[in-house]
Amino acid sequence: MSYNVNVELGDRSYPIHIGSDMQSEIGSIIAAEGLSGVCLVIADEHTGEIYGDKVVASLRAANFSPSLVMIPAGESSKSSNQLVDLYSAALTAGLDRQGFIVALGGGVVGDLAGYAAASFLRGIPFVQIPTSLLAMVDSSVGGKTGINLAEGKNLVGAFHQPSLVFIDLKTLSTLPQREFLAGMAEVVKYGIIRDRVFFDHIEAKVEELHPTGNRAILSDLVRRCCEIKAEVVAADEREGSLRAILNFGHTLGHAIENKAGYGGIYIHGEAISVGMVYAARLSVAVCGMSSKEADRIEALLVKLGLPVRAMGLNWIALREAMSVDKKAFGGAPQFVLASSIGTVSTGHSLPEELLEATWASMS
Ligand SMILES: NC(=O)c1ccc[n+]([C@@H]2O[C@H](COP(=O)([O-])OP(=O)(O)OC[C@H]3O[C@@H](n4cnc5c(N)ncnc54)[C@H](O)[C@@H]3O)[C@@H](O)[C@H]2O)c1
Ligand SMILES: [Zn+2]
């Protein structure tokens, strides 16, 4: 069973193809999108090892001339050094303006390979093959690409939409459980920001949500997230307004990641889980969310096995990190808050005492 979700962006529209066990089809589906010629498949050491040969074989069978390059796994690969190495690999592979790049991996590979595609020869097409749950439901859709600087995450980048997103749900079976759960935090986020019925559905199916779980349930989840992301991106490609709703839970979440993420204490989705509980409590205080609904959000995250508290972090340091966040306005952190599950609004700046007291209530 497979589905297509379309991202409607005029002449830059593209399909998100969702299915399972389709690796043998990748070559022909990419060919059907009108791409041809030389391509560079960029993977990390994990995804390249497991899926690289299959993807290359499928591309070759469809008359492409693929080369595979593997980068070290992890956030540190989203660097200018790695980017320059990829340009060299692209030249060695004979990539020209008629060719394209394939990103085979999680969000790190997607962001880096996407930015390489956005900038190499002033921009060539690329295809996303997301293999982590986070990349399937979030980073592979919407065209944000980029790398980190020593001074901060995602400080250099470009909007560059892929020509196709190809999701093979079967790849989730090899994803580490912790990474799967981190992706589930973003799945829950979609329910909170846009779809109450979807939130109810996640609650109802929570026992069955694991990387090797019921494929039909996973497929439904991934499809709904992609539909919501596609709808938000189509309405606001460059984050002028609506797209900011995707940042629910991310104001505090990014600060936690920034202060405790390095060294692996909190990976992105885990930090976002704590951030969503914080945003829900702020929503009770100023946005009319009922405490019962905030408790439901927290209970669902706990049931999934995600953290809902970040112990041992200093408030002053977190608050400082929120001020320097790219999305802060003159030092004032901006929050996405929910009046109820499924309905959010953006651009809330809140009194200092409330921010601190809400944090204290969670410590
Ligand atoms: N562009 C966007 O809109 C956007 C949105 C959200 C996040 N991001 C970015 O995404 C990145 C995080 O992405 P991520 O969480 O996917 O991390 P990641 O790419 O580091 O992947 C996590 C780990 O899982 C491994 N992995 C991935 N798929 C696998 C599979 N199927 N089998 C076995 N191992 C697998 C990877 O090798 C890695 O070790 C961050 O850099 C973040 O900034 C971008
Ligand atoms: Zn996120």
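Predicted model: local features only at pLDDT ≥ 70, side-chain atom pairs only at ≥ 80, totals over all residues.
## Ground rules

Local features here need pLDDT of at least 70 and side-chain atom pairs count only at pLDDT 80 or more, while totals for chains, interfaces and linings use all residues. Residues are numbered from 1 along each chain as its sequence is written, chains are lettered from A and ligands numbered from 1 in the order in which they are written, and side-chain values use heavy atoms, leaving out hydrogens and water.

## The sheet

Let's start with the strands. There are 7 of them in an open, mixed sheet, ordered S1-S2-S9-S6-S5-S3-S4. (Helices, H or I with at least four residues, and strands, E with at least two, are DSSP runs numbered from the N terminus; two strands pair if DSSP finds at least two bridges between them.) Strand S1 (3-7) and strand S4 (65-71) sit at the edges with a single partner strand each, so one side of each has no neighbour in the sheet. From one strand to the next, the twist averages 20 degrees.

Strand S5 (residues 100-105) pairs with strand S6 (residues 126-130) in the parallel sense, over 5 bridges. Glycine 105 stands opposite proline 130 in S6. Helix H4 (residues 107-119) lies across strand S3 (38-44), S4, S5 and S6, and runs at about 170 degrees to S5. Axes are lines fitted to C-alpha atoms, for helices over the stretch in contact (heavy atoms within 4.5 Å), and angles run from 0 to 180 degrees between N-to-C directions.

## Helices H6 and H7

The axes of helix H6 (residues 177-194) and helix H7 (residues 196-205) come within 6 Å and cross at roughly 140 degrees. That makes H6 oblique to H7 (under 35 degrees is roughly parallel, over 145 roughly antiparallel, 65 to 115 roughly perpendicular, and the rest oblique). Residues making the contact include Met184, Val187 and Tyr190 of H6 and Phe198, Phe199 and Ile202 of H7.

## Two residues up close

Glutamate 298 is in helix H11 (residues 291-304). At 15% relative accessibility, glutamate 298 counts as buried (buried is under 20% relative accessible area, exposed over 50%, partly exposed in between, with a 1.4 Å probe and protein chains only). Not counting residues up to four places away in sequence, glutamate 298 touches Val277, Arg281, Val308 and Arg309.

Alanine 62 lies in the loop between helix H2 (45-61) and S4. With 22% relative accessibility, alanine 62 counts as partly exposed. Leaving aside residues up to four places away in sequence, alanine 62 touches Gly27 and Ser28.
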